[in-house]
Amino acid sequence: MPKDKMSFQATAGTAGLFVVAAALLQEGLFLYNHNVSPYDGGVYHQAPLLLPLFSLLPDPSTYPIFTYILYTLVDLLSANALYKIAESGEGEKRWSGYVVAALFLFNPFTIATCIGRPTSVFTTCVILHAVAKALSGNIFTSMLSLSFAAYLSMYPLLLLPPMVILAYDRTYNPKAPKSLAQLAGMCTLAVGVSLSLLFLSSYALTGSWEFLSSTYGIQLTLTDLTPNAGLWWYFFTEMFDSFRSFFLGVFWLHLSSYTPALTIRLRQQPLAVITLLLGIFAIFKPYPSIADTSLFLSLVPCFRHVFPLLRYSFVTASVVLYGTFLGPAFYHLWIYAGSGNANFFYAITLVWSLGLSLLVSDLAFAVLRDEWEVERPEMRGKEIRQI
Amino acid sequence: MSADIINDGDSKPASAEATVSLPATGIATVERKEPPPEKDADTRRRTWIVISFWLIAVFIGLPIWWNTTTIYRANLPLTQMTDWADGKACEPVFPLRIALDVGSLPEQEAQNLLRLTQHALDDLNDFSGHHLRLQLAQAPAETITPVRDDSNVALTIRLAPGDAAHTASSSLHPHLPILDVQYPPNSLPTANSPSSGLATYIATQLGSTFAEEQNIISYLLETSSITSEHKPKGISQEVVDTVSKRMTRSLKYSQTYHLTFSLFTNGPVPSSWDIEAAIDEYLKPVLDMLKPIHDFTIDTQVQLYAAPGVQSQVLGKEDLSSFINAAEWPLSPSIGGAPTVNFIVYIGNQTIGVPSETSPGETSQSWMIPQWGSVYLLAPPAEATHVSSETLKQPILTFTSHLLTLLARIRSADLLLRASSSLGSLARLTLALPSISIPSNVADGVVKTIHHLELACASLGGAKSLEHARIAEAEAERAFFEKSMVGQLYFPDEHKVAVYLPLLGPIGVPLVMGLLNEIKTWKNKRSQKLKAA
């Protein structure tokens with residue numbers, strides 16, 4: 001879903017297109033309530049367990065207020081998790097949990113996401129809770145949350161290694177007898193068991209395994225090439241058919257190859273690993289949206305202490321703003337006005353991704369520099385060069 | 001991200017030290033300070049990072065690459081395919097059985113006549129592909145129905161003794177495949193005579209009756225790619241021209257044809273027509289006859305105030321081609337996949353000025369458009385608003401004859417040759433492009449094609465053969481135009497560089513450089529260790 005485009009269109013009042021996110025869920029819900037497989041319509045690609053939740057709500061077309069309340073509540077729960085995450089940090093140079101939560105709640109991307117009512121807010125919520133629980137030492141709650149996130153969107157599964165390390169660092173002191181490998185095995189087992197339970201209940205709910213290919217299969221094979229803010233759709237519209245599956249593999253591999261390397265490199269700062277990975281996902285995911293961006297941006301304020309070390313903050317902010325404002329405009333010019341073409345819109349999504357990757361790499365640099373300065377306090381504030 | 005951030009050494013204490021030491025030693029060597037040596041933990045960590053990338057690339061990336069780009073080539077029976085294409089697998093022989101109904105002649109004389117006539121036929125015919133074989137009729141000719149029965153008899157010759165004073169004469173039955181021959185009783189061959197006037201006469205008559213069919217088969221074999229000894233020698237250029245003209249007129253073979261009957265009027269009336277009754281009465285019999293070969297779907301339409309492409313009162317020969325107002329008349333090129341044959345009745349005041357001389361079958365009111373359909377100009381009927389079934393009789397009969405022209409008649413041979421040549425093309429393609437993938441359904445199609453070709457070849461001339469040839473042709477076409485293969489036809493190997501390089505270049509360079517650096521560090525360390533030891 002090009003949710004960023006959509007939301008901004010709606011706020012600009014150009015089209016009701018951005019309700020699509022909610023409308024797609026509506027379609028699945030309608031089919032579900034009429035005892036038809038929710039995936040028959042070919043537009044609903046969300047996890048099946050969301051359907052009973054939404055069918056509990058009164059009909060959104062007559063009582064939309066209940067849906068609004070639900071989404072507001074989910075956002076508030078996410079903010080609550082963020083508050084805990086921010087409060088768990090140490091050091092004098094940091095923002096309080098209220099500031100971090102407010103920065104999330106009043107972030108225009110978050111507001112736009114909430115208006116769009118996509119299911120990704122649930123993913124955001126459970127990921128933040130997984131982090132918060134891992135920080136407070138509730139390993140199994142954390143793993144359960146992560147399983148929910150993986151069940152809803154699949155890609156959060158890649159957050160498992162840094163999450164385990166985060167939980168390990170917070171729970172056991174270095175002298176504790178329990179080894180990291182032991183904990184990792186237990187966590188993997190917990191995630192595996194809870195995921196299989198979720199899958200089994202989905203199977204019981206829909207009566208077939210069809211949901212696997214309709215939800216995760218769509219992400220893995222990119223069958224829906226609707227333009228969005230990501231980099232995949234354009235690439236695969238231009239791809240030779242015989243190389244399609246190969247490059248699908250390459251793109252997924254690229255996405256997942258960051259996890260082990262970042263986890264090893266930033267072994268001491270697993271929260272930074274999670275944040276950076278979320279930023280990378282927001283750029284390189286198959287169907288990214290501003291919900292992913294807002295999730296990444298919500299964790300960035302937790303690194304207030306490295307902000308002075310950011311080198312390109314002005315450029316990054318400008319590029320992201322540039323993409324934010326021009327993206328919806330270009331989308332409108334292409335899809336509605338017909339005065340631009342696909343390249344036109346793709347160019348602006350490239351700018352958008354460039355802005356985000358600048359932020360991710362700058363943050364990574366700042367975190368590394370900070371780590372190094374902790375190690376060598378005499379170098380604080382000095383010019384450095386990478387060799 | 002794996003590179004560490006290291007102090008460049010532009011730190012003040014060091015340079016201050018250097019300036020201090022200058023006056024003391026007097027040597028002006030300001031040495032660039034080397035960065036402090038990396039800690040072992042850092043080096044190890046970097047090694048791990050490089051290894052993690054390489055593990056993913058080797059253990060997940062390589063299998064993905066192998067699995068997704070391996071070209072699947074199903075085994076094709078290439079030699080068999082080329083054999084078919086070269087005509088080695090099948091001798092295209094069309095044996096036609098001619099029954100000889102001798103009436104009241106005694107057995108001995110009948111046998112004698114049969115032998116002599118067959119002999120004369122063989123002498124007359126030098127083309128082995130088209131073979132007439134005589135046999136004695138089992139039953140009286142009247143009982144033989146026009147629909148082909150099991151005996152597969154193409155023609156029955158009914159012999160009847162005639163006037164002794166006249167020479168032999170013959171006439172074709174208007175509806176049944178019967179050739180009536182009247183012969184003077186004294187012309188019957190005697191038991192031992194080497195030849196007979198009657199036998200030669202019958203042979204000549206048969207020859208001329210089947211001359212057209214023979215010509216078409218000869219033409220087909222001639223123009224096909226088959227290089228076989230069965231190829232007929234020397235068919236005249238004239239024959240080639242006539243047949244090829246006929247072939248270009250006819251529609252491409254299809255199992256189903258859509259017949260579209262359209263009534264166009266230049267004014268508000270007539271607005272209705274009895275087309276259904278007219279089709280039932282005049283066209284249905286022919287369609288029923290063609291049923292084993294083709295299916296037909298029929299639809300009709302009426303269009304008022306239809307202006308033709310040419311407005312002149314009298315249509316010249318050159319006007320005929322532009323008469324159809326393709327832009328405004330709703331004549332869709334095709335409904336579904338099957339080709340459409342258009343039949344247009346135009347009611348107006350126009351007439352054709354020059355009746356076409358080249359094709360005498362066309363009246364001054366109608367003409368045929370090759371591979372498309374035909375047009376009939378009808379004067380406005382007396383009953384102004386309605387066109388009756390009788391008024392439509394002549395148009396429909398004309399359309400019927402046009403339809404028969406449009407549908408070429410020699411089908412099994414044509415289909416057989418076409419399927420064979422598709423197989424040949426596929427075989428050549430497979431050999432020419434070693435990197436093209438061949439899905440298993442293509443191989444299935446080829447096997448099916450060959451199977452049905454064999455069956456068709458075994459029963460050439462019969463209705464079964466047509467059916468098999470039809471299936472074979474359809475399978476061969478499907479195999480040849482397989483979607484996934486067509487896309488790869490123009491994909492040379494150089495393109496692969498263009499596909500891989502932009503992606504694997506940027507990813508591969510840091511990966512390889514990282515690995516090389518690691519190996520270098522490891523070697524240095526080892527040599528240092530050796531030195532120390």
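Predicted model: local features only at pLDDT ≥ 70, side-chain atom pairs only at ≥ 80, totals over all residues.
Helices here are DSSP runs of H or I that are at least four residues long, and strands are DSSP runs of E with at least two.

For chain A, the unreviewed UniProt entry lists a "transmembrane region" at residues 65-83, 95-112, 148-168, 180-205, 231-254, 266-284, 319-338 and 344-368. Residues 95-112 of chain A come out at 78% helix and 0% strand, with 24 Å between the end C-alpha atoms.

Next, a pair of helices in chain A. The axes of α9 (residues 160-171) and α14 (residues 270-284) of chain A come within 8 Å of each other and cross at roughly 155 degrees. Angles over 145 degrees count as roughly antiparallel, so that is the label for α9(A) and α14(A). Their crossing is left-handed. On the α9(A) side the contacts involve P162(A), M163(A), I165(A), L166(A) and D169(A), which meet P270(A), L271(A), V273(A), I274(A) and L277(A) of α14(A).

Over in chain B, there is an open sheet of five strands, in the order β9-β7-β11-β14-β13, with mixed pairing. Its edges are β9 (295-303) and β13 (366-369) of chain B, each of which pairs on one side only. From one strand to the next, the twist averages 15 degrees. Inside this sheet, β7 (residues 256-265) and β11 (residues 340-347) of chain B run parallel and are joined by eight bridges. Looking at β11(B) residue by residue, I344(B) stands opposite S262(B). A helix also lies across part of the sheet: α9 (residues 393-406) of chain B covers β11, β13 and β14 (373-378) of chain B, running at about 160 degrees to β14(B).

R117(A) is not a glycine, yet its phi is positive, at about 50 degrees. R117(A) belongs to the loop between α6 (108-116) and α7 (120-136) of chain A. Because 23 other C-beta atoms lie within 10 Å, R117(A) is buried; the cut-off for that is 20 or more. Y305(B), also a residue other than glycine, has a positive phi near 50 degrees. Y305(B) is in the loop between β9 and β10 (314-315) of chain B. With 10 C-beta neighbours inside 10 Å, Y305(B) counts as exposed, since the limit for that is 12 or fewer.

Note on methods:
Residues numbered from 1 in each chain as written. Chains lettered and ligands numbered in written order. UniProt positions renumbered as here; feature names shortened; annotations may be inferred. Pairing = 2+ DSSP bridges. Axes fitted to C-alpha atoms, helices over the stretch in contact; angles between N-to-C directions. Contact = placed C-beta atoms within 7 Å. Parallel < 35°, antiparallel > 145°, perpendicular 65-115°, else oblique. Left-handed = near helix turned anticlockwise from the far one by under 90°.
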